Amino acid sequence: MLIEFFLCLRKHGLKTSLTELLDLLGALERGVVFGNVDDFYTLSRLVLVKDESQYDRFDRAFAEYFEGVEQVDLASAIPADWLERSLQRQLSDEDKAKLQALGGLDELLRTFRERLAEQQKRHAGGNKWIGTGGTSPFGAYGYHPEGIRIGQDGSNARRAVKVWDKREFRDLDGDAELANRNLQLALRKLRKFARTGAAEELDLNGTIRATSQKGGLLDLQWQPERHNAVKVLLLFDVGGSMDDYIYECEQLFSAARNEFKHLEFFYFHNCVYEHVWKDNNRRYDEKLPLLELINRYGRDYKLIFVGDATMGPYEIAYPGGSVEHWNEEAGAVWMQRLLNHFTDAVWLNPQPTSHWRYYQSIDLMQQLMSQRMYPLTLDGISMAITTLLKKSVATAVPSPSNS
Amino acid sequence: MSFASTESYIVADDLGLAVNAAVTLEKPLLLKGEPGTGKTRLAEELAASLGVPLIRWQIKSTTKAQQGLYEYDAVSRLRDSQLGSEKVHDIANYIKPGKLWQAFTAAERPVLLIDEIDKADIEFPNDLLHELDQMEFHVYETGEQVRAEHRPIVIITSNNEKELPDAFLRRCFFHYIKFPDADTLAKIVQVHYPDIRKDLLSSALEVFFDLRQVPSLKKKPSTSELIDWLKLLLAEDIKPAELSKSNGLMPMFGALLKNEQDVQLVEKLAFMARRQSS
């Protein structure tokens, strides 16, 4: 029972499991809903879908399974003002006779999609484009023997638009490849626990030691709770070619903000120069000199660059190479200053690894970073974090001889 | 049993069905939705309409799953051992039951509200999988097995700050509370202010929905803000005509707009609209 429905949902990419199908069948058996397709819709969505961003997919799958809705789906893709009743055209019988059908329904739908793709503006009258009051087979308030009706109110042979046809949840549908949760779990590996803050936890060993020192008289000892003490400094490349990766960066940023208590972030453009900034709208007024950044944040901060490193090679290698201002010193010099201070640094690059070799600037940056550039994927982040942790061990070893 | 709108709370049809299904099948119900759509209220009203106690577990960023089961107060026991109290011989005296334990052992089937589960650590839901599924857990200190006599009705709310793990979601029913439409909203307002004038309500709702339409508002006003705003309008005895006059911001805008940038944005829009019309 409902196996076909279940398979239809899976086909639309909903990750519905067998347990949930059994739950739904259980609910039907208990008579939670009976003989009402609207209630069945609500119930099956309640049981089978676990995220509002999947609601739109569910609506489409439900519509497909319960048939007869394609034209509504198309209608909602057309801006409403194209269909305003600006022209109501009365056709004579003679005119109607002239009109010829474009072929079968499939043919009509196909042509419709093609025209929809071609057409950009609102259209009224005429006989080809989608609009109102015309004799094109597509549109409303017009006449064509085999036409497709779009967003027309009033009586019609087709049944009224159902809830799932309205597709109210379309805005919420997001095809998240780098799901926030996965990212956060990947970032978790970058944890270094330390006890800081107020002493709230009972220190059992300390208490036993102190109590025995007092000859058995209870002496409670407290210690602060363990927190993730890792400090992270994120530098984001913004603007230009990075616009394609805004989504990935947002995901990374929100995951990082949830995970790290000590998180600082700044923006730069293409390559790091004299300044970084914190508010992209006020990038020209509120700049932080890079030297101040170096002085303000200690060596214990882990530095993570996020950028596609896709630019003209001169933007890295030459003074005055920046596309935005005249830089006295080359980007490479500023990069080197940063890297000398922050020994634990990695670069995350949203460009697919396969494209890297086509860009000379990526190669240059890779050299500057001494091969610590990784792709902005789950695997890439895991590798980057391993590097960050490994480096901190390596740098920790020589430090006792210094002190 | 069936859960429907009461004198003080309006339930949309699909939400009512969701609650009934979750109650019948004894599954936890996970509710999401814009802040202010009455997720927490629902649990209170459900408990009231069933006439059962509500056990409320408010989750914070520091909450651990174990705290919901029980806590072992080692410090009191150490102190009592110093004082030579008799209680100290029974460890059960120092086990403090948590909210889940209370819910499992309640005399009648209670409503358990786990509020804002997304505030907790990312592993928190995973730690509760077995407890919510089987409704039982083990107390290591005493070797006791706590089992639910009546499976509590579990309502979980989330504001979507963190994503929840799949395994957890599979065990829940999920409902996303849509923002109510004008009709439902009018009903909700009637419930709160039965003697509000009809003309005032309709022009206030108009202003409110227009405001929600304004793109790129940082915080869209929600039902609870609307109700606060109406309270102020009634208190100040504002006339409906004053609302529709579009001279700048609506009166008492502070109740609707909680963000300085939003206030400026709306002010600017009103100014532009005025210039166009003149």
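**Exercise 1. Describe how helix H9 and helix H11 of chain B are placed relative to each other.**

Step 1. The axes of helix H9 (residues 182-192) and helix H11 (residues 223-236) of chain B come within 11 Å and cross at roughly 50 degrees. Axes are lines fitted to C-alpha atoms, for helices over the stretch in contact, with angles from 0 to 180 degrees between N-to-C directions. Helices (H or I, at least four residues) and strands (E, at least two) are DSSP runs, numbered from the N terminus.

Step 2. The angle therefore makes H9(B) oblique to H11(B). Under 35 degrees counts as roughly parallel, over 145 as roughly antiparallel, 65 to 115 as roughly perpendicular, and the rest as oblique.

Step 3. Leu185(B), Ile188(B), Val189(B) and His192(B) of H9(B) meet Thr223(B), Ile227(B) and Leu230(B) of H11(B). Contact means that C-beta atoms, placed from the backbone, lie within 7 Å.

Step 4. Sorted by class, this contact has five nonpolar, two polar and no charged residues. Ala, Val, Leu, Ile, Met, Phe, Trp, Tyr, Cys and Pro count as nonpolar, Asp, Glu, Lys and Arg as charged, and the others, Gly among them, as polar.

The model is predicted: local features need pLDDT of at least 70 and side-chain atom pairs count only at pLDDT 80 or more, while totals for chains, interfaces and linings use all residues. Residues are numbered from 1 along each chain as its sequence is written, and chains are lettered from A and ligands numbered from 1 in the order in which they are written.

**Exercise 2. Describe the side of chain A that touches chain B.**

Step 1. Chain A gives 26 residues to the contact and chain B gives 23 residues.

Step 2. On chain A, helix H2 (18-29), helix H3 (37-48) and helix H9 (180-188) each supply at least two residues.

Step 3. The chain A side divides into twelve nonpolar, seven polar and seven charged residues.

**Exercise 3. Find residues that touch the most other members of the largest nonpolar core.**

Step 1. A nonpolar core is a set of buried Ala, Val, Leu, Ile, Met, Phe, Trp, Tyr and Cys residues joined through C-beta atoms within 7 Å. Buried means 20 or more other C-beta atoms within 10 Å of a residue's own, exposed 12 or fewer, and partly exposed in between.

Step 2. The largest core has 65 residues, and those touching the most other members include Ala18(B), Leu112(B) and Ile155(B). Helix H1 (residues 13-25) of chain B gives the most to this core, seven residues.

Step 3. Beyond neighbours within four places in sequence, Ile155(B) is in contact with residues including Leu29(B), Leu42(B) and Val111(B).

How values were computed:
Contact = placed C-beta atoms within 7 Å.
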